[in-house]
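This report is an introduction for someone meeting the structure for the first time.

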Amino acid sequence: GMRRMSEEGRRPPLNELAGRVAFVTGGSSGIGLGIAEACAIARMKVAITYLTDAHLASARTRLERHRSDWLAIKVDVTDRAALARAADRVEKAFGPVNLLCNNAGVGVVTPISRASFEDWDYAIAVNIGGVVNATHVLLPRMLADRRPAHIVATSSMSGLFHGGSAGVYTTTKFAVVGMMEALRAELRPHGIGVSAFCPGLVRSRIHLRDRNRPAALRASRLTPTPADEAAARFERLVRDGMEPLECGRKVLAGVTRNDMYILTHPEYRRGVEERFRAVLAHFPAHDEAVPARRVAAERDV
């Protein structure tokens with residue numbers, strides 16, 4: 001009896017997608033639109049947040065093709081009150097959210113040594129703050145509801161190892177991976193799945209890093225900076241990235257399996273291996289004496 005009751009208390013995993021409700025931040029272009037379109041194809045009800053009207057027009061074309069129920073809400077993920085209102089609108093239209101995709105992000109591709117405070121504030125506010133804000137708004141609702149639920153955050157391969165010169169971006173993406181790892185452990189007893197999604201290069205508009213940047217966080221400058229050159233280089237590279245819809249399908253496959261990490265680009269495996277090998281190589285030798293009391297204290301932290 002007891003075991004069955006506790007089993008019944010656990011919500012089922014989110015492995016049946018049809019008819020479920022997805023909320024995708026930054027869902028009107030790039031990876032976010034790829035995820036939203038994959039959700040529509042899986043016959044989910046899809047709500048997206050967007051900032052750019054032109055993107056909404058192209059997103060509409062893509063989503064209406066699948067005759068799915070969808071809703072677009074203009075909201076900046078750094079605006080907490082607006083996110084809460086958006087969540088209310090989604091619930092009113094479709095019912096409780098089953099899948100939260102924290103996807104909104106900005107490609108601040110500046111090296112740390114050249115970054116302005118504006119670069120830092122913008123990248124942190126969106127790439128970390130946006131994930132914090134949407135999770136904070138939707139998680140209590142998911143916990144109160146007994147339906148299947150899952151949270152994904154779009155990090156990056158730059159969230160697992162540093163390659164290249166985008167130090168500011170890397171910092172924010174490492175934070176997202178740590179947050180999802182912690183949240184996954186916290187939510188396991190509640191039966192809510194959590195994934196850190198770490199894509200490699202995807203054909204997207206992330207290189208247009210300033211298109212939605214608030215004026216206050218825009219450095220006033222007239223001459224091209226190294227960051228502008230980096231963005232132009234990035235733009236050329238991004239054209240050869242994975243198609244967003246293929247990426248979106250892989251995200252949903254990872255969600256239905258409740259994968260801790262959703263990894264879509266096999267070519268980055270070596271970079272991850274090198275980083276973890278380096279970490280392991282720097283541990284003190286096994287034969288160093290470790291006081292038992294310290295180990296016990298550490299276990300209780």
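Arg-141 counts as partly exposed, at 26% relative accessibility, where partly exposed is the range between buried, under 20% relative accessible area, and exposed, over 50% (1.4 Å probe, protein chains only). The model is predicted, so that local features need pLDDT of at least 70 and side-chain atom pairs count only at pLDDT 80 or more, while totals for chains, interfaces and linings use all residues. Residues are numbered from 1 along each chain as its sequence is written, and side-chain values use heavy atoms, with hydrogens and water left out.

**Salt bridges**

Side chains of opposite charge can pair when their charged atoms come close. Arg-141 forms a salt bridge with Asp-88, a term that here stands for a side-chain nitrogen of Lys or Arg within 4 Å of a carboxyl oxygen of Asp or Glu. Asp-88 is itself partly exposed, with a relative accessible area of 42%. The pair links distant parts of the chain, since Arg-141 lies in helix α5 and Asp-88 in helix α4, 53 residues apart; helices (H or I, at least four residues) and strands (E, at least two) are DSSP runs, numbered from the N terminus.

The count of salt bridges comes to 12, and the table gives some of them.

| Pair | Closest N and O atoms |
|---|---|
| Arg-141 and Asp-88 | 2.9 Å |
| Asp-259 and Arg-257 | 2.8 Å |
| Glu-274 and Arg-270 | 3.6 Å |

Glu-274 and Arg-270 are separated by about one helical turn, because they stand four residues apart in helix α9 (residues 269-281). Of these two, Glu-274 is partly exposed at 41% relative accessibility, whereas Arg-270 is exposed, with a relative accessible area of 61%. Arg-257 also counts as exposed, at 54%. Elsewhere, Glu-37, Arg-62 and Arg-65 are linked in a network of salt bridges.

**Nonpolar cores**

The largest nonpolar core holds 45 residues, and among these Phe-23, Val-90, Ile-151 and Met-180 touch the most other members. A nonpolar core is a set of buried Ala, Val, Leu, Ile, Met, Phe, Trp, Tyr and Cys residues joined through side-chain atoms within 4.5 Å. The elements that give two or more residues to this core are the strands β1 (21-24), β3 (70-74), β5 (150-154) and β6 (193-197), together with the helices α4 (80-94), α5 (117-144) and α6 (167-187). Helix α5 gives the most, with 10 residues.

Leaving aside its neighbours within four places in sequence, Phe-23 is in contact with residues including Ala-47, Leu-83, Val-90, Leu-100 and Leu-138, contact meaning heavy atoms within 4.5 Å. A second, separate core of 32 residues includes Leu-17, Ile-48, Leu-56 and Leu-99.

Asp-119 is found in helix α5 and is buried, with a relative accessible area of 10%. Not counting residues up to four places away in sequence, Asp-119 touches Val-108, Thr-110, Arg-114, Val-168 and Arg-213. The C-alpha atoms of Asp-119 and Val-108 are 6.7 Å apart in space, and the two residues are 11 apart in sequence.

**The chain as a whole**

The protein chain contains 10 helices and seven strands, and 47% of its 301 residues count as buried. Among contacts with a separation of 6 or more, 75% are between residues 24 or more positions apart. The accessible surface comes to about 15900 Å², of which 55% belongs to carbon and sulfur atoms; such areas come from the Shrake-Rupley method with a 1.4 Å probe, and for residues only the protein chains shown count as cover.
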